[in-house]
Amino acid sequence: MDFDLTEEQRAFADTARDFAQAELAPHAAHWDAEGIFPREAIGKAGELGFCGLYAPEHAGGLALPRLDATLVFEEMAAVDPSTTAFITIHNMATWMLGTWATPAVRDHWGPLLARGEKLASYCLTEPGAGSDAASLKTRAERIGDGYAIHGAKAFISGAGSTDVLVLMARTGAPDSGAGGISAFAVPADAPGIHYGKKEEKMGWNSQPTRTISFDGVRIPADHLLGREGEGFKIAMKGLDGGRINIATCSVGAAQGALGHAQRYMQERKQFGKPLAGFQALQFKLADMATELVAARQMVRLAAARLDAGARDASTYCAMAKRFATDVGFTVCNEALQLHGGYGYIREYPLERLLRDARVHQILEGTNEIMRVIIARRMLDGDAPEAIR
């Protein structure tokens with residue numbers, strides 16, 4: 001078992017770190033304070049391949065393993081978790097479209113999305129369907145040679161500023177559950193689409209979040225992803241990778257916070273000596289580092305399981321998301337505490353890292369739902385030996 005990165009993996013990580021320092025670090029606080037969606041910077045990420053990291057090559061992507069993608073996302077999230085998290089969502093939507101779209105739709109949208117010239121939003125959650133996604137009510141009715149979409153989505157990242165929506169809608173009967181859901185690629189400017197107000201959020205301020213309503217939105221039949229009734233399966237496959245992505249953003253945020261805390265402890269003096277000289281604070285830093293390394297390895301294990309197509313990949317993804325997002329928030333919080341009052345003011349990045357990391361425990365399935373997913377598998381007879 002080799003835990004060392006390959007030269008190629010290190011090159012990707014180094015490139016991402018350099019990009020983050022040059023294109024994200026100088027502006028992240030301003031984007032957060034002013035609520036600016038940095039399309040230009042995201043486009044520059046696309047020029048490096050970071051907007052289609054694991055999308056198929058035939059759709060314009062790099063087709064990298066999920067493990068390699070985590071290395072890129074972690075480096076960027078250490079500087080700007082909010083912008084990086086949007087890029088991960090875009091990557092997920094780009095992969096879904098590139099994998100299941102018809103050739104015509106894939107060939108049009110895939111390269112544009114992979115290059116970051118166009119951006120995508122993922123539309124699953126509804127006002128009345130969050131954790132219980134299988135109960136969604138947005139409907140796609142087959143009419144002639146296309147579909148008419150009616151309904152609404154909520155908490156959609158990038159909404160109003162993206163170009164295509166990867167949408168889950170019901171094509172079966174109202175009581176058809178998960179089996180009645182289909183997936184679609186919907187142009188974001190199609191007639192009948194209306195965007196709600198930009199939500200005022202605790203964090204993630206460099207990406208807009210809005211509701212989207214669909215009033216008889218017409219799309220051609222070839223905008224269906226996969227086959228009718230496969231939408232929920234497609235959505236869950238997307239979320240396996242999405243959970244790794246968000247977990248990675250938490251690891252990155254925590255790594256950034258840990259670095260700031262370590263430097264501050266060596267610079268700040270109290271009672272005549274640096275904070276680094278106090279054993280209680282040394283122990284706190286040690287625990288932060290230990291938990292962070294454990295979270296990183298959990299994420300990489302889950303990514304490796306997903307890359308291998310392992311039977312229990314979804315369970316590992318849920319474990320990684322639950323563990324890493326909890327640890328990430330805790331490490332950011334402890335780093336802020338080590339900064340004292342300075343950690344609470346915006347001159348330092350700790351409060352932004354903390355605010356951005358908090359939502360990771362909620363989205364892509366709350367951490368309570370992650371426990372449900374894990375527990376269901378662990379109650380199977382072979383689970384104690386299979387999940388190790």
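The following exercises, with worked solutions, concern a predicted model.

**Exercise 1.** Determine how much space lies in the largest pocket and which residues lie nearest its centre.

*Solution.* Begin with the volume: the largest pocket holds about 1,200 Å³ of space. Next, consider its lining, which consists of 39 residues. Nearest the centre are Thr-125, Ile-362, Leu-363, Glu-364 and Gly-365. By class, the lining comprises 18 nonpolar, 10 polar and 11 charged residues. Finally, turn to the elements: β3 (146–157), α7 (231–267), α9, α10 and α11 (367–378) each contribute at least two lining residues.

**Exercise 2.** Locate Glu-364 and decide whether Glu-364 is buried or exposed.

*Solution.* Glu-364 belongs to the loop between α10 and α11. Its relative accessibility is 13%, and because buried means under 20%, Glu-364 counts as buried. Its backbone also deserves attention: phi is positive, about 55 degrees, although Glu-364 is not a glycine. Most residues other than glycine have a negative phi.

**Exercise 3.** Locate Ala-63 and classify its accessibility.

*Solution.* Ala-63 sits in the loop between α3 (39–47) and α4 (66–77). Its phi is positive, near 55 degrees, and Ala-63 is a residue other than glycine. With 39% relative accessibility, Ala-63 counts as partly exposed.

**Exercise 4.** Identify the residues that form a nonpolar surface patch with Tyr-344, and classify the accessibility of Tyr-344.

*Solution.* Tyr-344 forms the patch with Tyr-342 and Ile-345, and together these residues have about 340 Å² of accessible area. Tyr-344 lies in the loop between α9 (313–338) and α10 (350–358). Its relative accessibility is 68%, and since exposed means over 50%, Tyr-344 counts as exposed.

Notes:
Residues are numbered from 1 along each chain as its sequence is written. This is a predicted model: local features need pLDDT of at least 70, side-chain atom pairs count only at pLDDT 80 or more; totals for chains, interfaces and linings use all residues. Side-chain values use heavy atoms; hydrogens and water are left out. Patches are made of residues with over 30% relative accessible area and no salt bridge: like charges are joined within 9 Å, nonpolar side chains (Val, Leu, Ile, Met, Phe, Trp, Tyr) within 5 Å. Accessible areas come from the Shrake-Rupley method with a 1.4 Å probe; for residues, only the protein chains shown count as cover. A salt bridge is a side-chain nitrogen of Lys or Arg within 4 Å of a carboxyl oxygen of Asp or Glu. Helices (H or I, at least four residues) and strands (E, at least two) are DSSP runs, numbered from the N terminus. Buried means under 20% relative accessible area, exposed over 50%, partly exposed in between (1.4 Å probe, protein chains only). On a 1 Å grid over the protein atoms alone, a cavity is a set of points where a 1.4 Å probe fits but cannot get out, and a pocket is an open set with protein on both sides within 12 Å along at least five of seven lines; lining residues have an atom within 4 Å of a point. Grid points are joined across faces, edges and corners, and a volume is the space filled by probe spheres set on the points. Ala, Val, Leu, Ile, Met, Phe, Trp, Tyr, Cys and Pro count as nonpolar, Asp, Glu, Lys and Arg as charged, and the others, Gly among them, as polar.
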